Amino acid sequence: AIEDGDVFLLCTDGLWEYVDDEVLEQTLQQAQSPQGWLDVLEATVLANAVHKPSHDNFSALTVWTSPTPA
């Protein structure tokens with residue numbers, strides 16, 4: 001069951017190949033918004049893939065659930 005506060009990340013290998021699970025968790029904990037988290041992930045991929053000029057493209061979508069209004 002989906003619960004309030006759950007977060008989902010759908011992404012291609014062009015992202016997860018350059019961002020390990022620990023970084024995903026740390027950046028998620030620090031994120032103020034879904035877009036903010038995606039921006040940090042993008043910067044991380046670009047920094048980690050700088051050595052690979054023909055880096056594959058990458059895509060990501062995140063869904064955050066929020067508490068149900070009372």
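Where in the secondary structure is the place of Leu-9? Leu-9 sits in strand β1, residues 7-11. Strands here are DSSP runs of E with at least two residues, helices are runs of H or I with at least four, and both are numbered from the N terminus.

Before going further, the conditions. This is a predicted model, in which local features need pLDDT of at least 70, side-chain atom pairs count only at pLDDT 80 or more, and totals for chains, interfaces and linings use all residues. Residues are numbered from 1 along each chain as its sequence is written, and side-chain values use heavy atoms, with hydrogens and water left out.

Now the overall layout. The protein has three helices and two strands, running β-α-α-α-β from the N terminus. Along the principal axes, the C-alpha atoms fill a box of roughly 50 × 20 × 20 Å. Of the 70 residues, 21% count as buried; buried means under 20% relative accessible area, exposed means over 50%, and partly exposed is in between, with a 1.4 Å probe and protein chains only. Among contacts (heavy atoms within 4.5 Å) with a separation of 6 or more, 77% are between residues 24 or more positions apart.

Back to Leu-9. Leu-9 counts as partly exposed because its relative accessibility is 25%. Leaving out residues up to four places away in sequence, Leu-9 touches Leu-24, Trp-37, Leu-38, Leu-41, Ala-60, Leu-61 and Thr-62. Trp-37 is 28 residues from Leu-9 along the chain, and their C-alpha atoms are separated by 10 Å.

Thr-62, one of those partners, belongs to strand β2, residues 60-64. Is Thr-62 buried or exposed? Thr-62 is buried, because its relative accessible area is 12%. A polar atom of the Thr-62 side chain lies 2.9 Å from the backbone oxygen of Phe-8. The side chains of Thr-62 and Trp-64 are joined by a polar contact of 3.1 Å. A polar contact is a pair of N or O atoms within 3.5 Å; within protein, one must be able to donate a hydrogen and the other to accept it, and residues adjacent in sequence count only if both atoms are side-chain atoms. With residues up to four places away not counted, Thr-62 touches Val-7, Phe-8, Leu-9, Pro-34, Trp-37 and Leu-38.

Next, the core. The largest nonpolar core has ten residues, including Leu-15, Val-19, Leu-24 and Trp-37. Such a core is a set of buried Ala, Val, Leu, Ile, Met, Phe, Trp, Tyr and Cys residues joined through side-chain atoms within 4.5 Å. Its largest share, four residues, comes from helix α3, residues 34-48.

As for α3 itself, its buried residues are Trp-37, Leu-38, Leu-41, Thr-44 and Val-45. Seen down the helix axis, these fall within an arc of 120 degrees, so they line one face of α3; the arc is that of the directions from the axis to the C-beta atoms. They pack against β1, α1 (13-16), α2 (21-30) and β2. Val-19, beyond its neighbours within four places in sequence, is in contact with Leu-24, Leu-41, Thr-44 and Val-45.

Last, the loop between α3 and β2, where Ser-59 lies. Ser-59 counts as partly exposed, at 41% relative accessibility. Outside four places in sequence, Ser-59 touches Leu-10, Cys-11 and Thr-12.
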